[in-house]
Structure formats: C-alpha cells, structure tokens
Amino acid sequence: MYCSKCGRQIPDGVYYCENCGEPVNKPYTQQPFNSGENINRTYQQVPPQFNQYTPEAYEYMIMTKIDEARTFGIISIVAGLFIPILGIILGCIGISKLNDIPLSNQYRLESERKKKTAKNLCIAGIVIPIVLWLLAVIFIIFLINFASGALINSIS
C-alpha cells in the first residue's frame, strides 16, 4: 500500500504513514504468524470490542497490558525465590493477562516480541519455584538419609 499524501510505501497494518503521518483508514491484510501457508487474512484495524478507543489509545492500551504482564513475570521470578507459591500464582496471573491482549495493529511485530518476552518471564516465574521445591525435597531426603546413616554408625 502507498501513502495517498507522500507516495511512500506503507507496511501493512499501520495506522499512519511513517514518513508524513497521514492516517491510513483501510483494513489491512497480513500473513498468519508462524505459518507456511500463503493465505491472506483480512483484519479490521481495531477489533469490535475496542472501537471506542482512538488508534493511539488502542496501541497504548496494548503496550501497557504487555508491560503489566512483563512486570508480573519479573515479580514472579523474584517472589518465587523466597515464597514459591506466590511466584507460581503471579506467573499464572501474568500469563492470563497476556492471553487477554489483542494483536497490536501498528506495532504488531514489536508487540509480538514483547508478548513473547513477557510470556517467557512468566513461565520462568512458574518453573523456577517448582525446580527449587524439587531441589529442596531432594536435599531434605539426602540429609535424612545421611543423618540416619550417621546415627546407625554411631550406635554400632
């Protein structure tokens, strides 16, 4: 697609020309992510449930929700080191917040990258406490076996 004002090529899915800022008010097509198929899908610029937002407010809302989920991921990792169940809960909340975020139109590649990073942080916030629990259980079993072996040796 080309800008009607300056004639520069505009990537699919943006609201404004990156060169002159002219608004683009047409639906766009995009290739499905991670798909080898060459099927074009048509998307409206803003999903129907978000029609009350201006394009700028819609993009800001998406980026804010991604940042919020990323924050949950970071907090879940830190909390999981000290209070494992809290880390798991916060990681699950972060992932559920990511599932509620629609695809950004103007910054979809950037928002997909940020969503992936936030999801990885949330997953780490769930996995780290579980691994720590398993290591603690193994360590306690080892200590019990060592202590009982030392006790048996001291008796005989």
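Predicted model: local features only at pLDDT ≥ 70, side-chain atom pairs only at ≥ 80, totals over all residues.
The crossing is left-handed.

On the helix 1 side, the contact is made by E68, A69, F72, I75, S76, A79, G80 and F82. Helix 2 contributes P84, L86, G87, L90, G91, I93, G94, K97 and L98. Sorted by class, the contact of helix 1 with helix 2 has 10 nonpolar, 5 polar and 2 charged residues. With Gly counted as polar, G80 of helix 1 and G87, G91 and G94 of helix 2 belong to the polar group.

The pair sits in a chain with 3 helices and 2 strands. Read from the N terminus, the order of elements is β-β-α-α-α.

The largest nonpolar core has 9 residues: Y15, Y58, M61, I62, I66, A69, L98, I101 and A118. Helix 1 gives the most to this core, with 5 residues. Apart from this core lies another, of 5 residues, including C3, I10, C17 and V24. A69 and L98 belong to the largest core and also take part in the contact between helix 1 and helix 2.

For the chain as a whole, 28% of the 156 residues are buried. Of the contacts between residues at least 6 apart in sequence, 54% join residues at least 24 apart.

Methods: Residues numbered from 1 in each chain as written. Heavy atoms only, no water. Left-handed = near helix turned anticlockwise from the far one by under 90°. Helix = DSSP H or I, 4+ residues; strand = E, 2+ residues; numbered from the N terminus. Contact = heavy atoms within 4.5 Å. Core = buried A, V, L, I, M, F, W, Y, C linked by side-chain atoms within 4.5 Å. Buried < 20%, exposed > 50% of the residue type's maximum accessible area, 1.4 Å probe, protein only.
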